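Subject: A structure for you to look at

Hello,

Here is the structure I promised to pass on. Please open it first, and then read my notes alongside it.

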Amino acid sequence: MFKAIAHFGFKKSSKPFKDYYDGWFKTLKNVLLPQLRHAMSSSATSGPILLASHVEVMHRHFLKYYEALDLAAANDVSQVLYPDWRNPFEKPFLWVGDLHPYLFTNLLRSFIGDSESEIDSDIFDKLQNWHVVMAWKSPSRKLTTGVDQIECGLRLMVPALAARARDAQAKFVEKMAVEWGKCEGRKQEMKGVVGESAAAEMDELVGVFVDANRLRRSVLSDILNVTDVNQAAVFLEALAQFLVGFRNRELLSQFDKCSLEL
């Protein structure tokens with residue numbers, strides 16, 4: 001039903017957001033992720049300044065993406081709220097058009113949960129920076145308290161945004177039912193009613209989407225505020241690799257084979 005609301009009575013973008021995302025993704029995969037990994041493996045003497053700069057660059061790359069999403073929603077919310085161009089791997093992780101903010105905190109929790117495990121000796125062959133290797137050993141009280149606060153905020157905001165989305169749908173359905181009865185099924189009149197009803201709810205749909213993006217940006221920034229530069233680098237490297245994994249051709253091929261068998 002929401003998809004129907006989004007498609008009625010709203011101008012279409014001259015440039016699909018998919019084109020922007022493809023370029024953004026290529027920069028993430030082919031430029032920023034390799035640069036961050038190089039900085040993570042740099043020597044301890046030159047590492048901190050170099051690593052901090054690449055953490056900042058990666059963070060800004062994500063922020064620019066969410067800013068672009070907001071602009072795309074203002075122009076044509078349907079292409080970002082219901083992104084048909086996302087592949088089957090990505091869609092289960094989407095919430096209000098993009099990654100669920102819980103994914104950020106769950107990823108962070110995975111590092112905290114592994115803090116007591118032994119360090120694999122093979123890691124030292126890949127990361128020569130001791131501070132990066134030991135980033136998640138014995139997480140500080142500030143970090144664990146900060147993560148608790150971030151998750152507390154999510155438990156308040158996520159249901160509230162979901163409720164706003166449900167209310168927008170309910171209002172649309174209610175108005176459609178009333179107007180349908182008045183039109184008695186006449187197609188031309190019904191077309192106008194649908195357009196008017198859709199337009200009335202469009203601002204709320206855009207508002208929900210923009211607020212969801214604001215929440216995602218806030219959670220990402222809050223995580224980087226409670227982590228040190230080495231922890232932030234490991235977190236962002238994992239998040240970027242998570243997104244890159246969505247487009248792994250071998251995994252997608254295996255997924256398609258499983259779907260055919262089902």
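This is a predicted model: local features need pLDDT of at least 70, side-chain atom pairs count only at pLDDT 80 or more; totals for chains, interfaces and linings use all residues.

Residues are numbered from 1 along each chain as its sequence is written, and side-chain values use heavy atoms, with hydrogens and water left out.

Around aspartate 98

Aspartate 98 sits in strand β2; helices (H or I, at least four residues) and strands (E, at least two) are DSSP runs, numbered from the N terminus. Its relative accessible area is 1%, so aspartate 98 counts as buried. (Buried means under 20% relative accessible area, exposed over 50%, and partly exposed in between, with a 1.4 Å probe and protein chains only.) Setting aside neighbours within four places in sequence, aspartate 98 is in contact (heavy atoms within 4.5 Å) with Tyr65, Tyr66, Leu69, Arg86, Phe93 and Arg216. Its C-alpha atom is separated by 7.8 Å from that of leucine 81, 17 residues apart along the chain.

Salt bridges

How many salt bridges does a search of the whole structure find? There are 12, each being a side-chain nitrogen of Lys or Arg within 4 Å of a carboxyl oxygen of Asp or Glu.

One of them pairs aspartate 98 with arginine 86, with the closest N and O atoms 2.7 Å apart. This pair links distant parts of the chain, 12 residues apart: aspartate 98 is in β2 (residues 98–99), and arginine 86 is in the loop between α4 (78–81) and β1 (94–95). Arginine 86 is buried too, at 7% relative accessibility.

Another joins glutamate 151 to arginine 109, where the closest N and O atoms are 2.8 Å apart. Because glutamate 151 lies in helix α8 (residues 141–183) and arginine 109 in helix α5 (residues 101–113), the pair ties together parts that are 42 residues apart in sequence. Glutamate 151 is buried at 13% relative accessibility, whereas arginine 109 is partly exposed at 28%.

Aspartate 211 and arginine 164 form a salt bridge as well, their closest N and O atoms being 2.5 Å apart. Aspartate 211 belongs to helix α9 (residues 187–226) and arginine 164 to α8, so this pair ties together parts 47 residues apart in sequence. Both count as partly exposed, aspartate 211 at 22% relative accessibility and arginine 164 at 26%. Shared partners join Arg164, Glu204, Asp211 and Arg214 into one network of salt bridges.

Helix α2 (residues 17–40) has 24 residues and reaches 32 Å from its first C-alpha to its last, close to the 34 Å expected at 1.5 Å a residue. (The expected span is 1.5 Å times one less than the number of residues.) The buried residues of α2 include Tyr21, Trp24, Phe25 and Leu28.

Helix α5 has 13 residues and reaches 19 Å between its first and last C-alpha atoms, close to the expected 18 Å. Among its buried residues are Pro101, Leu103, Phe104 and Leu107.

Happy exploring!
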